[in-house]
Amino acid sequence: MAKKSVASQRYLLINAGRLIDGRAKTAIPNGAVLIQGSKVVAAGRASAVRAPDGAAVDTIEYPGMTVMPGMVDCHTHHNGFGDGRPGDFVADVPDEVLALQSARNARASLFTGVTTIRENGPKAYTMLRLRESVNAGLAVGPRMVLCGWPVSIIGGHMWYFGGQTTGPTEVRAMVRRLVKEGADYIKVTATGGTTKTSYPLLPSFNVDELKAVADTAHGLGKLTAAHCTATQGIVNALDGGIDMIIHCTFRDADGKDRFREDIAERIGKQGTYVNPTLQVLRSTVWALERKKQERALTPNEQARLDFFQRNFDRRMEDCRRLVGMGLKVITGSDSSWTDYQLGNTVYEVECLTDVGFSPMRAVQSVTADAAVALGVDRIVGTLEPGKEADVIVVDGDPSRDVRALWNVREVFLAGKRVERGSDASIAATRQHPPSES
Ligand SMILES: [Zn+2]
């Protein structure tokens, strides 16, 4: 049987009111993207984007809309339910059920325009197996950058997902094992967190152990990211040579918030990425406020609401300073952790515009910049010839108002149009603030 040559494959031409290619500082009016197979062949002004003479072309028109790269969310928890259940509870759910929940979340991600995710804390093999299932055509989901499971100290944050380890030698072994199992990067918890047996105000791994994580991962060509909800954890992660600081909470061991400009400067100097995770705090505020509309809160719930509101306000303020200092801040939602559900990445993008990003910079932080931060920019993040055709079409102009990213009308993954189901089912994945519900 004769093989169909690549040149004879049909082209797909997408014409739209404007193009955001992920590189240009402004949207390009009357933009077009030409796709063949899974790849972008050309992107630019419609007048300059043409298939070769005589080629078979399917053309789709999206007048008034924006064609742009699919979103890249650098921080997800696909095992999560987003209904307030803490991680300790999620970890008690059988792996098989978590894999199914992850499959459901993966659809929510993809259908809302997130075509690449970096998973930050799944249990055991759940996400590695989900990816295999997606590749085998059994499930639908975005491109996945996986950690396998997070690396933690004994009893440390997210220990329950399977990565407890002690000392540089064990840490090296764990990193090598993760890479062997298919991990694309290494997630480590440099401080405690919401995990019951952990200490969120204290560092967990020491610098020798963090160095072992970074050196071993880098030696295998993998990047690293560290969960840091205390200042000393940030410092340790920087000393260890970790590539991305997650949360980046400037909080001392006494529980007091003290922004540290000297450490922020060091983050900038080392070129370390910051993933601030803001909306995850506000989503808990929203959940408790909604409860409060229904009934009186218990004193514990009220205290929790006050804490999360204060925490959110403070972290927004700190993030504004990081953005002002020109640090490499990128979008990563942290959904579906606690109350924040997958399918709502755009809220995190909105938070970054609230702390000083221009709409276009915010768009880049969830496309081109995020792809660079994850080391997948040769494949995705912008619409350039040779890259995978992960493309979304949105109603409105996100380069003027990022809320347009809520209006995803079409998603193409590797050049294939994604069947997303009804508009109503997609709208149902959106979480609304209590005032709007
Ligand atoms: Zn997280």
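Q: At what angle do helix H6 (residues 231-240) and helix H7 (residues 261-270) pack, and how far apart are their axes?

A: In this predicted model, helix H6 (residues 231-240) and helix H7 (residues 261-270) pack with their axes 11 Å apart and at an angle of about 25 degrees. Angles under 35 degrees count as roughly parallel, and H6 and H7 are therefore roughly parallel to each other.

Q: What is the handedness of the crossing of H6 and H7, and which residues make the contact?

A: The crossing of H6 and H7 is left-handed. On the H6 side the contact is made by Thr231, Ile234, Val235, Leu238 and Asp239, while H7 brings Ile263, Arg266, Ile267 and Gln270 to it. Sorted by class, the contact of H6 with H7 has 5 nonpolar, 2 polar and 2 charged residues.

Q: How should I read the pair H2 and H3, and at roughly what angle do their axes cross?

A: The axes of helix H2 (residues 95-111) and helix H3 (residues 126-135) cross at roughly 55 degrees and come within 9 Å. The crossing in which H2 passes H3 is right-handed. In this contact, Asp95, Leu98, Ala99, Ser102, Ala103 and Ala106 of H2 meet Thr126, Met127 and Leu130 of H3, and the residues divide into 6 nonpolar, 2 polar and 1 charged.

Q: What angle and handedness are found for H8 and H9?

A: Helix H8 (residues 279-294) and H9 pack at an angle of about 145 degrees, with their axes 9 Å apart, and the crossing is left-handed.

Q: Where does Ser336 lie, and what kind of peptide bond joins Ser335 and Ser336?

A: Ser336 belongs to the loop between helix H9 (299-324) and helix H10 (345-354), and the peptide bond that joins Ser335 and Ser336 is cis, with omega of about 0 degrees.

Q: Is the phi of Met158 positive or negative, and where is Met158 found?

A: Although Met158 is not a glycine, its phi is positive, at about 65 degrees. Met158 is found in the loop between strand S7 (143-145) and helix H4 (167-181).

Q: What area is buried between domain 1 and domain 2?

A: The size of an interface is often given as the accessible area lost when the parts come together. Here the domain assignment gives domain 1 (7-69 + 381-427) and domain 2 (71-343), whose C-alpha centres lie 31 Å apart. The area buried between domain 1 and domain 2 is about 980 Å², with carbon and sulfur atoms giving 66%, and 15 residues of domain 1 are in contact with 10 residues of domain 2.

Conventions: Residues numbered from 1 in each chain as written. Predicted model: local features only at pLDDT ≥ 70, side-chain atom pairs only at ≥ 80, totals over all residues. Heavy atoms only, no water. Axes fitted to C-alpha atoms, helices over the stretch in contact; angles between N-to-C directions. Helix = DSSP H or I, 4+ residues; strand = E, 2+ residues; numbered from the N terminus. Left-handed = near helix turned anticlockwise from the far one by under 90°. Contact = heavy atoms within 4.5 Å. Nonpolar A, V, L, I, M, F, W, Y, C, P; charged D, E, K, R; others polar. Domains from an automatic or database assignment. Buried area = accessible area lost by both parts, 1.4 Å probe. Parallel < 35°, antiparallel > 145°, perpendicular 65-115°, else oblique.
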